[in-house]
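Thanks for asking me to look this over. Here are a few notes to read with the model open beside you.

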Amino acid sequence: MFFKRIKTISSEKFLTTVLEARSKQFSSEKIKTIGILFHYDQFVNYDFFRMLFTDLGFNDNNFRFIVFYENENSQPNSWDSSYTNTDFDWLGHCKSPEVAEFVQQSFDLLISYYKPNCYALNIVTALSKAKLKVGISDEDHRLHDLIIDVSLADVSTFKTELIKYLKTLNKI
């Protein structure tokens, strides 16, 4: 119990440090690359994102997925990358090379499609080098540049709002 509390405190401190160090540099360039992060145990509609971006004219090689899962039995086998809570040390740093590679890639758009917040998802969002971060969870406003507050199941509203805002920002 004591070590779990220390891990939680040090993880939150690391997350705050990462978020405070982020420099927001918005550009007027069109979106070319997209990163998608979601919680596999809560949302498994992978094809929704694939169809959304192919409808917008993106090829499959323009977007990349990473998925977080808690249950070892539900481990996805068809994703680009995946990780679990066991991939984090007691200071909150991720030890997974897949996560390290994902966060170092400079996406034009990162979609963090998860609710509620959990450290393993938040830290990947915070560490990402994405230029524009879109999320659906408004529990921590520091994580995302644009928040579309919808439920996980309401994918049609998310799609409509995302397209509307990306057109308004002249990103697509």
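1. A word on the basis. This is a predicted model, in which local features need pLDDT of at least 70 and side-chain atom pairs count only at pLDDT 80 or more, while totals for chains, interfaces and linings use all residues. Residues are numbered from 1 along each chain as its sequence is written, and side-chain values use heavy atoms, with hydrogens and water left out.

2. The sheet. An open sheet is formed by 6 strands in the order S3-S2-S1-S4-S5-S6, with parallel pairing. Helices (H or I, at least four residues) and strands (E, at least two) are DSSP runs, numbered from the N terminus, and two strands pair if DSSP finds at least two bridges between them. S3 and strand S6 (146-147) are at the edges with a single partner strand each, so one side of each has no neighbour in the sheet. Between S1 and S2 there are 6 bridges, and phenylalanine 38 stands opposite valine 67 in S2.

3. Helix H3. Which residues of H3 (residues 97-104) are buried? They are Val99, Phe102 and Val103 (buried is under 20% relative accessible area, exposed over 50%, partly exposed in between; 1.4 Å probe, protein chains only). Down the helix axis these buried residues fall within an arc of 90°, so they line one face of H3 (the arc is that of the directions from the helix axis to the C-beta atoms). Pro97, Glu101 and Gln104 are exposed on the face turned away.

4. What H3 packs on. Its buried residues pack against strands S1 (34-39), S2 (63-68), S3 (81-83) and S4 (109-113), and against helix H4 (119-127); contact means heavy atoms within 4.5 Å.

5. Charged pairs. I would look at these next. The count comes to 7 salt bridges, each being a side-chain nitrogen of Lys or Arg within 4 Å of a carboxyl oxygen of Asp or Glu. One of them joins arginine 64 and glutamate 101, with the closest N and O atoms 3.7 Å apart. Arginine 64 is in strand S2 and glutamate 101 in helix H3, so the pair ties together parts that are 37 residues apart in sequence. At 14% relative accessibility, arginine 64 counts as buried.

6. Two further pairs. Aspartate 55 and lysine 159 meet in a salt bridge (3.7 Å, N to O). This pair links helix H2 (residues 46-55) to helix H5 (residues 155-168), 104 residues apart. Lysine 164 and glutamate 161 also form a salt bridge, at 3.1 Å between the closest N and O atoms; both lie in H5, about one turn of the helix apart.
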